[in-house]
Amino acid sequence: MIFSWLRERRRRKLLAQPFPPEWLAFLERNLAHYRYLSATEQAALRDRTRVFVAEKNWEGCNGLIVTDEMKVTIAAHAALMTLGLAGEPFGGLLSVLIYPAGYRVPEERWQSGFSIYGQSSRLGESWYRGPVILSWDEIQDDAHHPGHGSNLVWHEFAHQIDMLDRSTNGTPPLETPEARRQWHEVMTAEFEQLKRDALAGRETLLDTYGAESEAEFFAVTTECFFDAPVELREIHPRLYELLAGYYRQDPAARIEHASDSPRDVN
Ligand SMILES: [Zn+2]
């Protein structure tokens with residue numbers, strides 16, 4: 001109780017300060033969807049970004065010095081996911097680790113009854129009750145080429161949302177039996193379709209890495225939902241509707257609304 005009171009006081013103080021102008025430039029440069037948000041949504045995203053930056057422990061790996069741009073870019077992506085969600089889905093996350101680029105970790109595999117030690121290449125990881133690990137090169141690449149449906153930060157943070165019910169199974173906590181039934185029905189059908197497409201070598205909007213498991217499927221569909229929402233709604237309308245219902249936001253409609261509105265010409 002006392003901790004949450006102290007935290008609230010700290011947050012109020014933080015949010016009473018003006019938003020740093022250079023941070024705004026990071027948002028505009030690295031989060032393509034920022035410009036489509038309403039003024040109210042932008043203000044909420046800025047507040048959540050500041051709280052996230054201030055309250056997480058940031059750690060650079062392999063000699064990386066963590067900059068404000070890295071923190072703001074990652075925090076803003078995470079904040080966009082939570083705009084419509086209740087509570088604080090990333091409240092339990094303590095640390096974000098950042099590598100300069102893809103990294104290698106030792107890995108033990110079993111083959112024909114023998115244990116083989118090797119190395120596995122990673123771009124990111126998400127641990128239950130542990131950190132989110134990301135590589136900055138990949139984040140920058142996603143930020144500079146939005147609209148392709150892939151985004152490392154949304155991928156790893158979707159895993160964190162999935163883990164909120166203590167199981168990494170591609171189903172986040174859902175409120176009602178009806179919501180769980182609907183989730184199961186739509187996600188299973190779409191997951192099976194992606195597996196068939198991947199097997200047949202067909203071109204897909206969704207990254208076929210999502211065919212690995214239900215957990216990866218949820219992470220991959222979340223990436224696409226925020227990064228290529230118009231295309232996702234066009235090609236996978238039921239999946240889009242399900243995710244829009246879950247995240248309680250409609251990014252495709254935001255983009256369309258923005259292109260309908262007249263703009264100032266200078
Ligand atoms: Zn994953």
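In this predicted model, helices H8 and H10 are roughly perpendicular to each other, because an angle of 65 to 115 degrees is counted as such and their axes cross at roughly 85°. The axes come within 11 Å, with H10 spanning residues 237–247. From H8, the residues Phe-217, Phe-218, Thr-221, Thr-222, Phe-225 and Phe-226 take part in the contact; from H10, their partners are Leu-239, Tyr-240, Leu-243, Ala-244 and Tyr-247. Sorted by class, this contact holds nine nonpolar residues and two polar ones, with no charged residues.

H8, which covers residues 214–227, also packs against H6, residues 152–162. Here the axes lie 8 Å apart, at an angle of about 125°. That angle makes H6 oblique to H8, and H6 passes H8 in a right-handed crossing. On the H6 side, the contact is formed by Trp-154, His-155, Ala-158, His-159, Ile-161 and Asp-162. These meet Ala-215, Glu-216, Phe-218, Ala-219, Val-220, Thr-222, Glu-223, Phe-226 and Asp-227 of H8. The contact of H6 with H8 comprises eight nonpolar, three polar and four charged residues.

The nonpolar interior can be considered next. In soluble globular proteins, nonpolar side chains tend to be buried together. In this model the largest nonpolar core contains 62 residues, and those with the most contacts inside it are Leu-45, Phe-52, Ile-74, Met-81, Leu-134, Phe-157 and Tyr-247. Helix H4, residues 68–82, gives the most to this core, contributing nine residues. Once neighbours within four places in sequence are set aside, Phe-52 is in contact with Trp-58, Ala-75, Ala-78, Phe-90, Leu-93, Val-96 and Phe-157. A second, separate core has six residues, among them Cys-61, Leu-97, Val-105 and Ile-133.

Most residues other than glycine have a negative phi. Arg-166, although not a glycine, has a positive phi of about 70°. This residue is found in the loop between H6 and helix H7 (177–200). Arg-166 is exposed, because its relative accessible area of 64% is over the 50% cut-off. Arg-248 likewise has a positive phi, near 50°, in a residue other than glycine. Its position is the loop between H10 and helix H11 (251–260). With a relative accessible area of 46%, Arg-248 is partly exposed.

Note on methods. Residues numbered from 1 in each chain as written. Predicted model: local features only at pLDDT ≥ 70, side-chain atom pairs only at ≥ 80, totals over all residues. Heavy atoms only, no water. Core = buried A, V, L, I, M, F, W, Y, C linked by side-chain atoms within 4.5 Å. Buried < 20%, exposed > 50% of the residue type's maximum accessible area, 1.4 Å probe, protein only. Helix = DSSP H or I, 4+ residues; strand = E, 2+ residues; numbered from the N terminus. Contact = heavy atoms within 4.5 Å. Axes fitted to C-alpha atoms, helices over the stretch in contact; angles between N-to-C directions. Parallel < 35°, antiparallel > 145°, perpendicular 65-115°, else oblique. Left-handed = near helix turned anticlockwise from the far one by under 90°. Nonpolar A, V, L, I, M, F, W, Y, C, P; charged D, E, K, R; others polar.
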